[in-house]
Amino acid sequence: MLDDLDALSHKAAGIFSELAARCIKNTGRFTVALPGGSTPRRLFTLLSERTFRDNIHWPKVELYWGDERCVPPGHQDSNYRLAFDALLRKVPVLEENVHRIRGELGPDEAAFKYEQTIKESFNVTGAPVFDLIVLGMGVDGHTASLFPGSPALEEKTRLAVAIHEKEPPRVTLTLPVLNNASNVMFLVSGKEKAGVLSQVLAGRGEYPAALVRPASGKVIWVVDKEAQVAP
Ligand code: 6PG
């Protein structure tokens with residue numbers, strides 16, 4: 001049982017680091033999609049600190065995002081900026097391996113260009129196999145920018161789509177991509193999520209987070225004790 005967000009973040013950093021070492025040893029690279037929101041900030045900071053930073057071969061890490069708000073990269077709401085401030089500027093990741101979603105182009109063009117970037121860098125025509133996709137979960141059971149009742153939940157072929165129903169609009173990876181990953185790691189902290197989390201883990205309700213069921217990949221739930229106690 002993980003006591004709090006700090007313990008959750010340490011656990012997640014250990015999993016990230018172990019997976020990176022294994023994937024880089026086996027394939028020469030580690031492809032990972034990062035989340036936004038507040039939960040991962042501590043994880044990002046930990047990965048930038050010596051203990052974890054020096055055990056990850058950053059030039060072989062290829063970074064993507066699970067979703068992004070359609071704002072400039074320096075905007076306070078940008079998921080890229082969150083990762084840049086807490087992690088990217090402190091580790092020797094190669095610029096050409098940082099594939100941010102170019103939200104400033106607007107939702108439709110950004111989604112199209114992001115899908116092209118993924119197809120080119122994975123050299124695929126369909127869904128890529130990410131080594132790891134890190135996700136959060138909202139109190140409504142959303143994940144990435146896949147919200148309850150969104151038409152994006154029905155997308156079967158596109159890899160990334162525009163989300164117009166939010167302000168600012170967003171771009172998100174689709175379920176075919178999330179469900180093709182080798183590993184999906186959810187980070188869930190806080191008592192306000194306990195009710196939805198227990199529903200999601202029981203497979204109840206039409207929560208987007210419950211629809212993340214990789215065909216052959218592994219789902220890892222990293223949850224602190226407050227989020228585990230159903231109200
Ligand atoms: C985003 C995230 C989103 C987030 C959840 C949980 O862009 O905001 O991708 O899916 O993971 O909303 O957010 P918190 O970590 O802030 O609770």
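1. The model is predicted, so local features need pLDDT of at least 70 and side-chain atom pairs count only at pLDDT 80 or more, while totals for chains, interfaces and linings use all residues. Residues are numbered from 1 along each chain as its sequence is written, and side-chain values use heavy atoms, with hydrogens and water left out.

2. The ligand is surrounded by 15 residues, each having a heavy atom within 4 Å of it, and the closest are Thr39, Asp67, Arg69, Ala144 and Lys193. By class, this shell holds 2 nonpolar, 9 polar and 4 charged residues, with Gly counted as polar.

3. The protein covers 87% of the 410 Å² of accessible area that the ligand has on its own, as computed by the Shrake-Rupley method with a 1.4 Å probe.

4. The ligand sits in the largest pocket, in the sense that more than half of its atoms lie within 2 Å of the pocket's grid points. This pocket holds about 280 Å³ of space, and of its 21 lining residues the closest to the centre are Gly36, Gly37, Gly136, Met137 and His142.

5. The second largest pocket has a volume of about 170 Å³, and its lining includes Gly37, Ser38 and Arg69. Helix α4 (residues 79-86) supplies the largest share of that lining, 4 residues.

Definitions and conventions
1 Å grid on protein atoms, 1.4 Å probe; cavity = no way out; pocket = protein on both sides within 12 Å on 5 of 7 lines; lining within 4 Å. Points joined across faces, edges and corners; volume = space filled by probe spheres on them. Helix = DSSP H or I, 4+ residues; strand = E, 2+ residues; numbered from the N terminus.
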